[in-house]
Amino acid sequence: MKLSSSKKNILIAGFQHETNTFGATNAAFEDFVMADSWPGLLMGDDVITGTKGTTLPLAGFVAAASQDPTINVIPIIWCAAEPSAQVTDHAYEKIAGIICDGITKTLNLATDDIDGIYLDLHGAMVTETYDDGEGELLRRIRLITGDDLPISISLDSHANLTQAIVDHASSITIFRSYPHLDMAETGGRAFEALKPLLDGQKRHMAWRQSPYLIPLPDQFSGAEPMVSLYQDLAQYDNAPSSWCEFATGFPAADIHDAGPAILAQAASRDDAESMAEEMFQSLLDAESQFKSVLFPPDDAVARAISSHAATNTPVVIADVEDNAGAGSPSDTTGLLRALMDAKANNVLLGMMNDPEVARLAHVTGVGGIIDTPLGGKAFEGDPPIDHQFEVIALSDGQFAFSGEMYRGFHADAGLSALIKPVGYDISIAISSKRCQCLDQAIFTHLGQDPKKAGIIVVKSTVHFRADFDAIAPIVINASANGLTPCRLADAPFANLRQGLRLGPMGPAFTP
Ligand SMILES: [Zn+2]
């Protein structure tokens, strides 16, 4: 894409990472280059073609912008890595450098012809050096552009908002659903929010940080009190003149600014402050209404067996603390061991990330037996399962997601397989790249029909609900010793704000 002399030129870029500071592995540059559940690194015009038809925020921004004949978008880069521990300094400097160089070069070409910038960011990026990856990126961009160029950003609802993000962005839109079914819509809102700023309008922001963390399972937007909080939020919606956003926060980040925040944007500071204060009061009032229930693995499995017997519909056990999509290894064995101990039947479990087992399954072939430890390798948690496994199905891990959330995305889970512990009726989907179990295609592409399962164990916290709730309305949240802390009072935090409550009505953090 080239600069246009007759249209308004908007530079666009995407750099997404959700950082779980308790994770087992960092995100290196190669992790941003690699395709997984999302596309690999895209540069220049490929940013548009490689995200078209997906539900990514940037795709929504571009779709909205393309409806406006006065707008010309100039893509620089888009990339994301599967959630994990910190982004390496090398990866951060390289990608932030590409974004900043792209802005600098374009500004040098035509200082007066750049009208704005859009960034597709997550909001919970922690690097080896910076606790606030997005705030640091915006700070560097402001050194190039100065304070006046409109910069519109969209964020994931799991953003941990910071003063730097609020100070340096001109406009912020945030997802309003978890599962994230409005990613593209939020990108579209980022475009609508940017437009008045291109015409010289000014906007003020006001924000408040929550005094309590919300564990990820409780952030499900389909249950109270989140339903009511989002209804309250909608009452302030007079975008793009004024509106409120609610970052629910990413609690698996042991940083000063972790946690939920309310953000209001309006033409006057007073309006922004009063909206933020009112919505903040709603957040305070909601604290006592969260009802978190997590069952230990044995208990979860016993409940699932009896629920399935009573209803004859598939029952989901969510392995909420081993979610690749929240930075866990997706290889813990606590639930699998409980399923085997209980001799549970007609079980599907996915996806367990174990490249070595996937490789052995492909070497052995369908019908063969592999004798190797499974899972439990990424960190010192529950040990691997030592057993023989029959290879039931094999795949190259390439498939199309079919659920609403990731419709339009092509998955690359690496070499994959379906295996069963010999003597048990438990089918386990194995991947070579970490892949959150949020879509039925993970099982169907391996020849399994989740609708016919008795129990479906998903290594996912909430996103699975977008595609599994319709076939398995009973959900049991299990706590099985993973690296996505959901029992926040027990997590080894060291760097939070003094007094921040570790969950609704939870104990206050002290360093
Ligand atoms: Zn998220």
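**Exercise 1.** In which loop is Asn312 found? State also whether Asn312 is buried or exposed.

*Solution.* The model is predicted: local features need pLDDT of at least 70, side-chain atom pairs count only at pLDDT 80 or more, and totals for chains, interfaces and linings use all residues. Residues are numbered from 1 along each chain as its sequence is written, and side-chain values use heavy atoms, with hydrogens and water left out.

Step 1. Asn312 is found in the loop between α10 (297-311) and β10 (315-319); helices (H or I, at least four residues) and strands (E, at least two) are DSSP runs, numbered from the N terminus.

Step 2. The relative accessible area of Asn312 is 63%. Buried means under 20%, exposed over 50%, and partly exposed in between (1.4 Å probe, protein chains only). Asn312 is therefore exposed.

**Exercise 2.** Which residues coordinate the zinc ion, and why is the arrangement irregular?

*Solution.* Step 1. Donors are N, O and S atoms within 2.8 Å of the metal (3.2 Å for Na, K and Ca); water is not among the atoms, so sites may look incomplete.

Step 2. Asp156 (OD), Asp156 (OD), His158 (ND1) and His180 (NE2) coordinate the zinc ion at 2.1 to 2.6 Å.

Step 3. Four donors count as tetrahedral if all angles lie between 85 and 135 degrees; four count as square planar and six as octahedral if opposite donors are over 155 degrees apart and all others between 65 and 115; anything else is irregular. The four donor atoms here subtend angles of 53 to 140°, so the arrangement is irregular.
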